[in-house]
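This report examines one protein chain, moving from the overall fold to selected local features. Please consult the sequence and the structure together while reading.

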Amino acid sequence: MASFFKSFFLGKTETPEEAKAKNEKKNFDILKFDGLRAQRMGRTDYALSCFTQALAIEKEFETMSYLAQLYTQLSELEKAREILEEMAQMEPEIISTFFQLTHVCYMQEDYAAMKTNAQKAVELEKENATAYLWLAKAEHGLKDQMSTIAHLTKAIALKEDYTEALLMRAEELLSMQVYKEASEDIETILQQSPDDEAALLLKGRWAEATHQIAAAEESYKQVSELNPFNEQAYLLLGKLYISQKKLVEAIATFDEAIELNPNFAAAYHERGRAKLLNGDKDGSVEDMKKSLELNPREEAALSGQFDNQGEKFDNILGFVH
């Protein structure tokens, strides 16, 4: 009878199970939002701990997404992928999950899985230009040029000013030596944005491929003037000078690039090539050593073959035309 009056006047008492669930929900919320704050502050270690503990309490979709993003940021790609695949099973209609999965597979260079996830994104939203761009990137990784072009064309049809898709299609067409169509895509981008550095560099490469050397040089220099820290502009200009036997100009170009970035491995690599072709074997060896020091994965080795120039030197340096 006493417990009846207590319940009547004080309201229904919580069961132990209800109290536990309430406490777990409170702890989950604290861990989730502490993780978000830590992530914003750059405390990735603490954020990782918070999200992991929160998900041990409740497998909540949003928090799983945060953890997957964090693992991707930390380059723990297999862990990110595992979470994203679970999310895709939980909520198979959410396209952003497949975009994240596609990106992780791209970073892992798993182009077959990338294609599968991009196709799922296309199935979810057939008018989504980004889905076709990801599918094109997967086909590019699988070395299917015609499918790459087809998907890029679809993306551009859905979004006419899609710069990334236009750039990629122009690059693909250039590699296929379809010069007229490649030029049209490049000019479309430059009409929209005359100072687009990637498009200007591609224009230079197109001019070089079509033997318009002065125009190529002008494009590369234009990028350097727009952005003195654009490393590709120096690299392409220096290589152009080497191909034209303008070795002094090539060395000066790489000197400038290295002055701006003393850790620019490719610039040492190419300056070494230019120096050798210019008769400076000792300087070439020093640059080669520095290039390998900065980029140990480069498949090259110093040897007595420096006596041979041209193509053999390219082989030594691992140089690809």
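## Overall architecture

The model is predicted. The chain contains 18 helices and zero strands. Of its 321 residues, 42% count as buried. Among the contacts with a separation of 6 or more, 45% are made by residues 24 or more positions apart.

The accessible surface of the chain amounts to about 17,900 Å², and carbon and sulfur atoms contribute 51% of that area.

Helix H11 comprises the 14 residues 179-192.

The buried residues in H11 are Ala-182, Ser-183, Asp-185, Ile-186, Ile-189 and Leu-190. Because they cover an arc of only 160° around the axis, they lie on the same side of H11. The buried residues of H11 pack against helix H10 (163-175) and helix H12 (197-209). On the face turned away from this buried side, H11 carries the exposed residues Lys-180 and Gln-191.

## An aromatic pair with a lysine

In one of them, the rings of Tyr-106 and Trp-134 have centres 5.9 Å apart and planes at 70°. Since an angle over 60 degrees counts as edge-to-face, the pair of Tyr-106 and Trp-134 is assigned to that class. Tyr-106 belongs to helix H6 and Trp-134 to helix H8, so the pair ties together parts that are 28 residues apart in sequence.

The two partners fall into separate accessibility classes: Tyr-106 is partly exposed at 35% relative accessibility, whereas Trp-134 is buried at 14%. Lys-137 is placed over both rings. Its charged end sits over the ring of Trp-134, 4.7 Å from the centre, and Lys-137 also lies over the face of Tyr-106, at 5.7 Å from the ring centre.

Glu-139 lies in helix H8. Its relative accessible area is 4%, and because buried means under 20%, Glu-139 counts as buried.

## Loop residues with positive phi

Most residues other than glycine have a negative phi. Glu-109 has a positive phi, near 60°, and is not a glycine. This residue lies in the loop between helix H6 (95-108) and helix H7 (111-124). With a relative accessible area of 58%, Glu-109 is exposed.

Lys-143 likewise has a positive phi, of about 65°, although it is not a glycine. Its place is in the loop between helix H8 (129-141) and helix H9 (145-158). Lys-143 is exposed, its relative accessible area being 73%.

How values were computed:
Residues numbered from 1 in each chain as written. Predicted model: local features only at pLDDT ≥ 70, side-chain atom pairs only at ≥ 80, totals over all residues. Heavy atoms only, no water. Helix = DSSP H or I, 4+ residues; strand = E, 2+ residues; numbered from the N terminus. Buried < 20%, exposed > 50% of the residue type's maximum accessible area, 1.4 Å probe, protein only. Expected span 1.5 Å × (residues − 1). Arc of directions from axis to C-beta. Contact = heavy atoms within 4.5 Å. Areas by Shrake-Rupley, 256 points an atom, 1.4 Å probe, with all protein chains shown as cover. Phe/Tyr/Trp six-rings, centres within 6.5 Å; stacked < 30°, edge-to-face > 60°. Lys NZ or Arg CZ within 6 Å of the ring centre and 35° of its normal.
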